[in-house]
Amino acid sequence: MKKFNLKFMFAGVILTVLLGGCAGGSGTDSVGTEKPVENGSAQETEDAAGSGTETVTEGAGIVFTGQDLAGNSVSESVFSESKLTMVNVWATYCNPCLSEMPGLGELAGEYEPEEFQIIGIVSDVPEGADEKAIEEVASLIEATGADYPHLLLNESVYYALLTEVTAVPTTFFVDENGVVLDTVLGAMKKSAWEEKINALLEKQ
């Protein structure tokens with residue numbers, strides 16, 4: 001009898017939770033403000049956080065270690081590279097996620113890197129996934145023009161950022177100290193994202 005790889009057992013549990021939720025309809029930010037979006041109605045999944053897991057509390061810095069598609073190591077130090085970082089959690093099966101990614105790709109190139117950057121988290125593809133899965137992610141990123149770093153799912157990334165994520169896309173805005181400033185559930189048009197980004201940068 002083969003032994004189970006704990007890493008992939010964990011990934012399987014997380015993917016089962018996230019696969020059920022693809023948020024469209026009205027995006028809602030952390031204070032309940034309705035935001036315009038392009039697609040569908042929101043579906044929520046069961047809460048992924050279990051007993052004994054650590055969650056990021058308001059005002060606390062994020063700490064994680066992950067990998068991008070090329071296998072490069074990425075940690076919370078990436079937040080110090082820009083005044084504002086947009087962390088977009090998406091999935092390969094999520095049409096609202098994919099429909100907003102071309103706009104996000106454009107936004108990533110319209111700001112100075114020291115002012116603003118975007119990082120994607122592929123919530124349904126874990127580190128160590130087979131080559132076919134990685135190629136599918138790369139193909140979707142290329143097709144949507146979302147030319148910014150994308151992290152694969154692992155335990156560290158999950159516990160740092162995704163314990164309260166019940167549907168995708170979910171987007172976090174993080175300052176240069178790794179503090180979450182705002183959270184948005186659902187997809188939005190480029191113009192709406194631009195308005196939010198500019199407002200947050202003005203406060204920095």
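## Overall picture

Two residues are in contact when they have heavy atoms within 4.5 Å of each other. With that in mind, take the contacts in this protein with a separation of 6 or more: 75% of them are between residues 24 or more positions apart. One thing to keep in mind throughout is that this is a predicted model.

The protein has 204 residues, and 49% of them count as buried. Its secondary structure comes to five helices and nine strands. Reading from the N terminus, the elements go α-β-β-β-β-β-α-β-α-β-α-β-β-α.

Helix 2 covers residues 95-108, which makes 14 residues.

The model has one disulfide. Cysteine 94 and cysteine 97 form it, with their sulfur atoms 2.4 Å apart. The link is right-handed, with 80° about the S-S bond.

## Threonine 92

Threonine 92 is found in the loop between strand 5 and helix 2. Is threonine 92 buried or exposed? It has 15% relative accessibility, so it counts as buried.

The side chain of threonine 92 makes a polar contact of 2.5 Å with the side chain of aspartate 124. Setting aside neighbours within four places in sequence, threonine 92 is in contact with Leu98, Val122, Asp124, Val125, Glu136, Val137 and Leu140.

## The cis proline and threonine 170

Valine 168 and proline 169 are joined by a cis peptide bond, with omega about 0°. Proline 169 lies in the loop between helix 4 (155-162) and strand 8 (170-175).

Threonine 170 lies in strand 8. With a relative accessible area of 6%, threonine 170 is buried. A polar atom of its side chain lies 2.7 Å from the backbone oxygen of alanine 167. Leaving out neighbours within four places in sequence, threonine 170 is in contact with Val87, Asn88, Val89, Val165, Thr183, Val184 and Leu185.

## Leucine 84

Leucine 84 sits in strand 5, and at 0% relative accessibility it counts as buried. Which residues does leucine 84 touch, not counting those up to four places away in sequence? The list is Glu115, Phe116, Gln117, Phe173, Val174, Leu181, Ile197, Leu200 and Leu201.

Leucine 181 is one of these partners. Leucine 84 and leucine 181 are 97 residues apart along the chain, and their C-alpha atoms are separated by 9.2 Å.

## An aromatic pair

The structure holds four aromatic pairs. In one of them, phenylalanine 64 and phenylalanine 79 have ring centres 6.0 Å apart and planes at 65°, so the pair is edge-to-face. The cut-off behind that label is over 60 degrees between the planes.

This pair links distant parts of the chain, 15 residues apart. Phenylalanine 64 is in the loop between strand 2 (34-35) and strand 3 (65-67), and phenylalanine 79 is in the loop between strand 4 (73-75) and strand 5. Phenylalanine 64 counts as buried at 3% relative accessibility, and phenylalanine 79 counts as buried at 1%.

Definitions and conventions. Residues are numbered from 1 along each chain as its sequence is written. This is a predicted model: local features need pLDDT of at least 70, side-chain atom pairs count only at pLDDT 80 or more; totals for chains, interfaces and linings use all residues. Side-chain values use heavy atoms; hydrogens and water are left out. Helices (H or I, at least four residues) and strands (E, at least two) are DSSP runs, numbered from the N terminus. The expected span of a helix is 1.5 Å times one less than its number of residues. Rings of Phe, Tyr and Trp (its six-membered ring) pair if their centres lie within 6.5 Å; planes under 30 degrees apart count as stacked, over 60 as edge-to-face and the rest as tilted. Buried means under 20% relative accessible area, exposed over 50%, partly exposed in between (1.4 Å probe, protein chains only). A polar contact is a pair of N or O atoms within 3.5 Å; within protein, one must be able to donate a hydrogen and the other to accept it, and residues adjacent in sequence count only if both atoms are side-chain atoms. A disulfide is a pair of cysteine sulfur atoms within 2.5 Å.
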